[in-house]
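Colleague: Before we discuss any single feature, may I ask you to show me the structure and guide me through reading it?

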Amino acid sequence: MSLFAERPEDFPAAATVAGLSGMDYMQAMLEGRVPEPTIGRIMGYRLVSVEPGRVVWRGVPAFAHTNAFGGVHGGWYGTILDSAMGCAVMTGVPKGRRWTTLEFKVNITRALPVGRDILAIGISDHAGRTTAVAHGEIRDAEDDRLYATGSTTCLLLG
């Protein structure tokens, strides 16, 4: 299987997804049995670690991800953090349920250079019956320098 879906039919059927816990689905994604989100190809990141309540994506912002001033666009920070934090929540979602982002916030602590290898770490803080919260960080993959933090609230469905 390709790392990323090429067309909608590449994603697993709804019945297949409903039969997996969020942790099972994330593990299947890490192992390449289901495709990673297509946004990862566009934004230059991929899944590298999954454990209960914690997910890590690795990415490198490219020149194509810059704003009008040549800096990495804030949307890049937000996109990778949304994936990290939301997927950390997903690891705790039981079979037959799913989630969606209700809201998220990003605090950029320093400019991220184009071409810098980073880790986006998402950690689930709490999951209730209808909502879950998580936080995340973007850190340099080599020296652990902090580039951004984030928080999210997710809506649990199903």
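**Reading the fold and an aromatic pair**

Modeller: Of the 158 residues in the protein, 37% are buried. Please bear in mind that this is a predicted model.

Colleague: How many helices and strands are there in the protein?

Modeller: The protein has 4 helices and 6 strands. Read from the N terminus, their order is α-α-α-β-β-α-β-β-β-β. The radius of gyration is 15 Å, close to the 15 Å from the globule rule for 158 residues, so the protein is as compact as a globular protein of that length. The C-alpha trace spans about 45 × 35 × 25 Å along the principal axes.

Colleague: What share of the contacts with a separation of 6 or more comes from residues 24 or more positions apart?

Modeller: Such residues account for 64% of those contacts.

Colleague: How does one describe a pair of aromatic rings?

Modeller: One gives the distance of the centres and the angle of the planes. Here, with centres required to lie within 6.5 Å, the count is 1 aromatic pair. Tyr45 and Trp57 form this pair, with 5.4 Å centre to centre and 90 degrees between the planes. The geometry is edge-to-face, because planes over 60 degrees apart are classed in that way.

Colleague: Where in the chain do the two partners lie?

Modeller: Tyr45 belongs to strand β1 (residues 45–51) and Trp57 to strand β2 (residues 54–59), so the pair links distant parts of the chain, 12 residues apart.

Colleague: Are Tyr45 and Trp57 buried or exposed?

Modeller: Both Tyr45 and Trp57 are buried.

How values were computed: Residues numbered from 1 in each chain as written. Predicted model: local features only at pLDDT ≥ 70, side-chain atom pairs only at ≥ 80, totals over all residues. Heavy atoms only, no water. Phe/Tyr/Trp six-rings, centres within 6.5 Å; stacked < 30°, edge-to-face > 60°. Helix = DSSP H or I, 4+ residues; strand = E, 2+ residues; numbered from the N terminus. Buried < 20%, exposed > 50% of the residue type's maximum accessible area, 1.4 Å probe, protein only. Rg over C-alpha atoms; globule rule 2.2 N^0.38 Å. Contact = heavy atoms within 4.5 Å.
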